Amino acid sequence: MKSRWYKDAVVYQIYPRSFCDGNGDGIGDIRGIISKLDYIKSIGVDAVWLSPVYKSPNDDNGYDISDYKDIMDEFGTLDDWKEMLDGMHARGIKLIMDLVVNHTSDEHVWFVQSRNKDSKYRDYYIWRKGRGKDGKKPPNNWTSNFVGPAWEYDEQSGEWYLHLFSKKQPDLNWENPELRQEIADMCNFWFDLGVDGFRCDVITYISKRDGLPDGKRAFPLIGQEQYVMGPRYHEYMRELNERSFSRYDSMTVGESIGITPDNAVESIDESAGELDTVFSFDHMGVDFKMNVIPVKFNLAKYKKVLDRWQQLPKSCQPTLFLENHDQPRCLPRFSGDYGNNREKAGMALAVAMLFMRGTPYIYQGQEIGMTNCAFEEKDYKDIMAIRVFELIRKIFPPLMPYARKVMLKRARDHARTPMQWSDGKNAGFSQAQPWMMLNPNYKQINVEDNESRSDSLLNFYRKALAYRKGKEVIISGDFSLVRPKDKRIFAYLRTCGEQRLLVVVNYKNKPVKFNLPQGLTFTRAQLALSNYTDLPTLSSQLRLREYEAAVYELY
Ligand code: GLC
Ligand code: CA
């Protein structure tokens, strides 16, 4: 049943609110996506992962769903959605939808019913009595992933409900068998409409430890160890796979916070019967301590983290990504101060990522080198940023300048500024004032400009994806780092039988010398891809120019 098509696929992620506005109300939508399908196809990707488009009051931009089987009014209708899906399929592009089933919106009819103690829906959520004499203290000390307590008191029933995200995102109770069946049925509803897979939002949070014990004190989150890959996690995933995923030629990717290379096999081995792939965030932790405090990027550490995932057995497919809607832009995160070499740096990051083993994801705007935005406090739209500022202002105002500095590096908003299509009105994103601030650099960084230059970052992505397609050595070859400890160069070798590919990338905005190890011998090296036009030749001592990136076939 399963063709495992994702092994040679590249996925493009769309954050619909910020991609393209089709009806001129300042908010991206499905008709906007339809108008850009030829563009998406032209990049050379095989699938789209679409962040949530379901009905939602948008407390967390669609990650708070109030109806799983319908489309948000701002984004269009189910008919628009069907037209989009047909348009994708007609172009040979598959569609991966977001599956947000750790929680719903508090406006979902299940939760509305659940406020009533006698309803069967009461047990679809996690309701508990409070602590203290009058029950006015939360049931445990867990904190929400969006800051503050993870519990909300409900006057009507005198009990608390759990919300690991905002209080408008109550956690579902996966212990309830009826709820689990509803979720499987809902997945099948979308599969039957033709979707090709799901990206499973915070899926490792669905099973909470029995008794919901207090968490150990930790910054910035308390209690996470009590629900990350909890006791029944694998059981729930196998059941969902059996009832839904395995019945279609689908691909699933879990947003798997807390997964490690050591326990990943149990989740994603082809024989596991759970998920096909997972996103791990280990490499996103190299320049942020505890996911929030910026620290200096260390290339040697970064390579080591990635290498551990590359060494998983061949029956496990890794995923490759540098950006998504929750992360700041990869420029200058991983390439330092790029100065006038922004595009070269973007190409370097692309090469290093695209030729590793795994399914690569490109986030909208990454292909043109969009950057972080110089927000002022009033410009942030994300609930996370807003809550962080609120909390710090309340508990320790002197920390505000530091918080502003951190958010300029860490906020999720950086990935959510509208897509920069042209240097025209509102960057070609909308006829109306966009729902969130545009990055003023759209005058220089935009799709139209990239289309007009053969040496642009966008055209480089196209070349790289075309070269990648169908190459066995890239899909399944062994991976080994070359000079792993080097802090300036990311180099690796891919080997599959007689085929060998050497990838060499300078992460610095200055020339760097690089000696190939003595053991690495070849009679001929053919340059397959480079981000410079006057071509380098491969000798045992390489002198790499600023952000120079090259792929060689070795013979
Ligand atoms: C995931 C999503 C993020 C969302 C959260 C809660 O981490 O990627 O955007 O806020 O889940 O659904
Ligand atoms: Ca719109």
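Is E323 buried or exposed? In this predicted model, E323 is buried, with a relative accessible area of 3%. Its salt-bridge partner is R329, and the closest N and O atoms of the two are 2.8 Å apart. R329 is buried as well, at a relative accessible area of 1%. Both values fall under the 20% cut-off for calling a residue buried.

## Salt bridges that link separate parts

A search of the whole structure turns up 51 salt bridges. One of them pairs K55 with D70, with 3.5 Å between the closest N and O atoms. K55 sits in strand 3 (residues 54–55) and D70 in strand 4 (residues 67–71), so this contact ties together parts that are 15 residues apart in sequence. K55 is partly exposed, with a relative accessible area of 24%, and D70 is partly exposed too, at 25%.

Another pair to look for is D382 and R416, whose closest N and O atoms are 3.4 Å apart. D382 is buried, with a relative accessible area of 3%, and R416 counts as buried at 2% relative accessibility. Elsewhere, K2, R4, K7, E270 and D276 are joined into one network by salt bridges that share partners.

Now for some empty space. Rolling a probe the size of a water molecule over the atoms shows where such space is left. The second largest pocket holds about 570 Å³ of it. This pocket is lined by 25 residues, and those closest to its centre are K296, F297, P332, R333 and G336.

Where does the second largest pocket lie? Its lining takes residues from both domain 1 (7–102 + 177–465) and domain 3 (475–554), so the pocket lies between these two domains. Helix 9 (330–333) and helix 12 each supply at least two residues of the lining.

What kinds of residues make up the lining of this pocket? There are 11 nonpolar residues, five polar ones and nine charged ones.

## Where to look

To explore the structure yourself, you could begin with the buried residue E323 and its salt bridge to R329. From there, visit the pair formed by K55 and D70, then the one formed by D382 and R416.

Key. Residues numbered from 1 in each chain as written. Chains lettered and ligands numbered in written order. Predicted model: local features only at pLDDT ≥ 70, side-chain atom pairs only at ≥ 80, totals over all residues. Heavy atoms only, no water. Salt bridge = Lys/Arg side-chain N within 4 Å of Asp/Glu carboxyl O. Helix = DSSP H or I, 4+ residues; strand = E, 2+ residues; numbered from the N terminus. Buried < 20%, exposed > 50% of the residue type's maximum accessible area, 1.4 Å probe, protein only. 1 Å grid on protein atoms, 1.4 Å probe; cavity = no way out; pocket = protein on both sides within 12 Å on 5 of 7 lines; lining within 4 Å. Points joined across faces, edges and corners; volume = space filled by probe spheres on them. Nonpolar A, V, L, I, M, F, W, Y, C, P; charged D, E, K, R; others polar. Domains from an automatic or database assignment.
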